[in-house]
Amino acid sequence: MKQKLLKIVSIASVVTALSIPGSVFANSKEDSKAIEENLKIITSYSPEITYDIVPKTGTITAPSGNNEISPSSTSFVQVATGTTDTDYISAVKHVMTSGSTKGKKLTVTTSATASIWFEGNFAAGLLNTGTKDMAIGYGTATSITGSTTLVDNTVVKGSYRGITYHSCVYDFALYELKSSESVTVY
């Protein structure tokens, strides 16, 4: 009888814990507060869109090889990852860049802002900037932008570079990282 009673109490405790919001995690109120504060910081952050050559890899997950990344980037990759994909879609004569930032922690907030640049004649020109997107926790923030650069119904030949500004806030600290990928239209 004692074992049966213990089993019933145990099952009742689990059911109760699962049915009451916030009781599953001992610190869910603290997590909610951290997310709320991190979200305020990431919402007010607006990256300055500038052109510079960043590591030419589509995905930045950790310092490696000859990629030069700042100490802030080292902290960034511990809590988030960033990707940039740039493609030429010949059927619609369109160059498109998609940038994503994915969180690796429950209380991290992330954002992504994609931009597309034309690289020609030793100068770079900003063609378009995507809308800043934000995500919470393990979610993914995705920003997409493109440029239809036509002359006589033909896309301008040359190199196009997509640059994504990734940012994340974790433990009330803002970290940022840029990634890029280029495509050449022949």
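**Entry 1: a helix with charges**

I started with Lys40, which forms a salt bridge with Glu37, the closest N and O atoms being 3.4 Å apart. For my own record, a salt bridge here is a side-chain nitrogen of Lys or Arg within 4 Å of a carboxyl oxygen of Asp or Glu. Lys40 and Glu37 are three residues apart in helix α2, so about one helical turn separates them. I noted how elements are named: helices (H or I, at least four residues) and strands (E, at least two) are DSSP runs, numbered from the N terminus.

Before going on, I reminded myself that this is a predicted model, where local features need pLDDT of at least 70, side-chain atom pairs count only at pLDDT 80 or more, and totals for chains, interfaces and linings use all residues. Residues are numbered from 1 along each chain as its sequence is written, and side-chain values use heavy atoms, with hydrogens and water left out.

Lys33 is partly exposed at 44% relative accessibility, and Glu37 is partly exposed at 24%.

**Entry 2: a bridge between strands**

How many salt bridges does a search of the whole structure find? It finds three. One of them joins the side chains of Arg161 and Glu119, at 2.7 Å from N to O. Arg161 lies in strand β10 (residues 158-170) and Glu119 in strand β4 (residues 109-120), so the pair ties together parts that are 42 residues apart in sequence. Both Arg161 and Glu119 are buried.

**Entry 3: the nonpolar cores**

Then I turned to nonpolar cores, meaning sets of buried Ala, Val, Leu, Ile, Met, Phe, Trp, Tyr and Cys residues joined through side-chain atoms within 4.5 Å. The largest has eight residues: Phe76, Val77, Val79, Ala80, Val108, Cys168, Tyr175 and Leu177. Helix α3 (71-79) and strand β11 (173-185) each supply at least two of its residues, and α3 gives the most, with three. Apart from this core lies another, of six residues, among them Val95, Ile116, Val155 and Val183.

Conventions
Buried < 20%, exposed > 50% of the residue type's maximum accessible area, 1.4 Å probe, protein only.
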